Amino acid sequence: MTSTVVDTNVLIDILGPDRPERVWSLAALKRCVEEGELVLHSVVWSELASSPLSELELNLAFGWLRMRREPFSYEAAFAAGKAHYAYRRAGGLRERTLPDFLVGAHACVRSHRLLTRDAARYRTYFPALDIISPEIHP
């Protein structure tokens, strides 16, 4: 069985209107559920909490996915910091990026796949990470 960390953008798609992104995200989630366990990262949960929905409403919206909540390790935190450092040295901007590095490092260190619609940064800074995205899995 293959485990998959689900990125925030995929879960936001599920809550949104019926657009092509939502259709892709739903199909990809269903495929990942059939192939193994879904993992919810605490940073993704915190990003979802920045919506007007309550924690109960978020739990109800995503309960059908039965995502496992997995602790974030110091090893993954260190890997995220190093990847973010490389990104900044290459000219990357500080705004909003660290959460992506935390999620990517966690998936990489724990040998999970990553389901995301925004694969470019992950692919660059976590080349060993198995990524499921619209470009790779239409």
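Good morning. I begin with Ser133, which counts as buried because its relative accessibility is 0%, well within the cut-off of under 20%. Please bear in mind throughout that this is a predicted model.

Where does Ser133 lie in the chain? Ser133 belongs to the segment that follows strand 5, and that strand covers residues 131-132. The side chain of Ser133 has a partner: a polar contact of 2.9 Å links it to the side chain of Glu135.

The protein chain contains 7 helices and 5 strands. Read from the N terminus, their order is β-α-α-β-α-α-β-α-α-β-α-β. The radius of gyration is 14 Å, close to the 14 Å that the globule rule gives for 138 residues, so the chain is as compact as a globular protein of that length. In extent, the C-alpha trace spans about 40 × 30 × 30 Å along its principal axes.

What share of the residues is buried? Of the 138 residues in the protein chain, 41% are buried, and Ser133 is one of the buried residues. As for how the chain meets itself, consider the contacts between residues at least 6 apart in sequence: 64% of these join residues at least 24 apart.

The accessible surface of the protein chain amounts to about 7700 Å², and carbon and sulfur atoms account for 57% of it.

Thank you for your attention.

Definitions and conventions:
Residues numbered from 1 in each chain as written. Predicted model: local features only at pLDDT ≥ 70, side-chain atom pairs only at ≥ 80, totals over all residues. Heavy atoms only, no water. Helix = DSSP H or I, 4+ residues; strand = E, 2+ residues; numbered from the N terminus. Rg over C-alpha atoms; globule rule 2.2 N^0.38 Å. Buried < 20%, exposed > 50% of the residue type's maximum accessible area, 1.4 Å probe, protein only. Contact = heavy atoms within 4.5 Å. Areas by Shrake-Rupley, 256 points an atom, 1.4 Å probe, with all protein chains shown as cover. Polar contact = N/O pair within 3.5 Å; in protein donor to acceptor, adjacent residues only side chain to side chain.
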